[in-house]
Amino acid sequence: MKTDLSVNSKKETISQGCKACGFHGLLQFNHKLNTYIIKNPPNMNPGTQGASLTEGKRARRSKAKQNGETTTNGERSGSPKSEEEPELIVAPTKPIKEDVDDDWAVDVSEEAVRARLQDLTDGAKNLTMTDDLEKTEKERMDIFYGTVKQRKDSGTLEVPSAAKELFAEAERLEIKSKAPLVLAELLFDEKIHIQIKRHRILFLRFTHDDPKAQKALIGGVEQIVAMHKTTLLPKVPAIFKLLYDLDILEENVIMEWGGKVSKKYVPKELSQEIHNKAEPFLTWLKEAEEEEESTDEEDDLEIEYNDRLKASPLKEHKPVNTPKPSAPPVEDDEEDDVDIDAI
């Protein structure tokens, strides 16, 4: 009995066909020989199975040398090339010409070194900026505090460009609205009325059109008053009026602060005392606002004129001579005398 086996490596199946009885079917999968037959099908060369193509070639070359049947390319004469042995095409190598004109040396001039250092510095700054923004708000406030203190100690705080640079630093750290709190802590003491005038430009840079920054500045003033309570508490109205006159604080922000006692920056008892001391200024500010509103209402009144009335021209009147009344005739008393003897 002769049986042919057909192996399908893709489906991993083995078909059998009996030439005697004509039976065709699949072998059972649970047999141990199935795995071996699938991995080593009968129609493949067992010399190359389980080894690389190079090793198979070496085996054939050594066998051909032993038989003395070699050709110039190392293959047996008359043997066809296998499909598994692709023809190797070797491109002709070209000599590499050295380009003597290329200058691969590093420029070590002073300008080049300075430019490279500047690039490194800019890169380090960018990394530092990214790291700073990842910190908490308190840590960023501490960084700004250190920057302002360094300028104050070095005497560069009143340089014309200082206000702009500090404002840019506060924006970079994203604490612009709370920066006046730090400025008040570092720049104010018991001589606050002098220091407000000295640093007016710096405070205006932060508080202009920013109600949050103005409220932070008021909180800083409250803290300074708490530190120098004996000296500054009686001067609270003058301090607020100075900040108002210099346009550092706006009227609506001051009135909003005066309407509520807060314990955000100082204890509530001290905050109440500060509000009580500021009451005369708040009253004056309120009365000035009401007076201004009443003046504006009076200015809005319009007087209507009658355009049809025309002024008549003046005429010269000549005086008329009227005759004076004549005096009444005087009667003669003698004619009216009665003769008594005639009666």
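Strand β1 (residues 3-8) and strand β2 (residues 13-18) run antiparallel and are joined by six bridges, where two strands pair if DSSP finds at least two bridges between them, and where strands (E, at least two residues) and helices (H or I, at least four) are DSSP runs numbered from the N terminus. Asn8 stands opposite Thr13 in β2, and in the hairpin of these strands, with four residues between them, Glu12 takes a positive phi near 55°.

This is a predicted model, in which local features need pLDDT of at least 70 and side-chain atom pairs count only at pLDDT 80 or more, while totals for chains, interfaces and linings use all residues. Residues are numbered from 1 along each chain as its sequence is written, and side-chain values use heavy atoms, with hydrogens and water left out.

The structure holds seven aromatic pairs, counted when ring centres of Phe, Tyr or Trp (its six-membered ring) lie within 6.5 Å, with planes under 30 degrees apart taken as stacked, over 60 as edge-to-face and the rest as tilted. Two of them are listed here.

| Pair | Centre to centre | Between the planes | Geometry |
|---|---|---|---|
| Phe144 and Phe206 | 6.4 Å | 70° | edge-to-face |
| Phe167 and Phe206 | 5.4 Å | 65° | edge-to-face |

Phe144 in helix α4 (residues 137-154) and Phe206 in helix α8 (residues 200-207) are 62 residues apart, whereas Phe167 lies in helix α5 (residues 162-172), so its pair with Phe206 ties together parts 39 residues apart in sequence. Phe144, Phe167 and Phe206 form one aromatic cluster. Phe144 counts as buried because its relative accessibility is 0%, buried meaning under 20% relative accessible area, exposed over 50% and partly exposed in between (1.4 Å probe, protein chains only).
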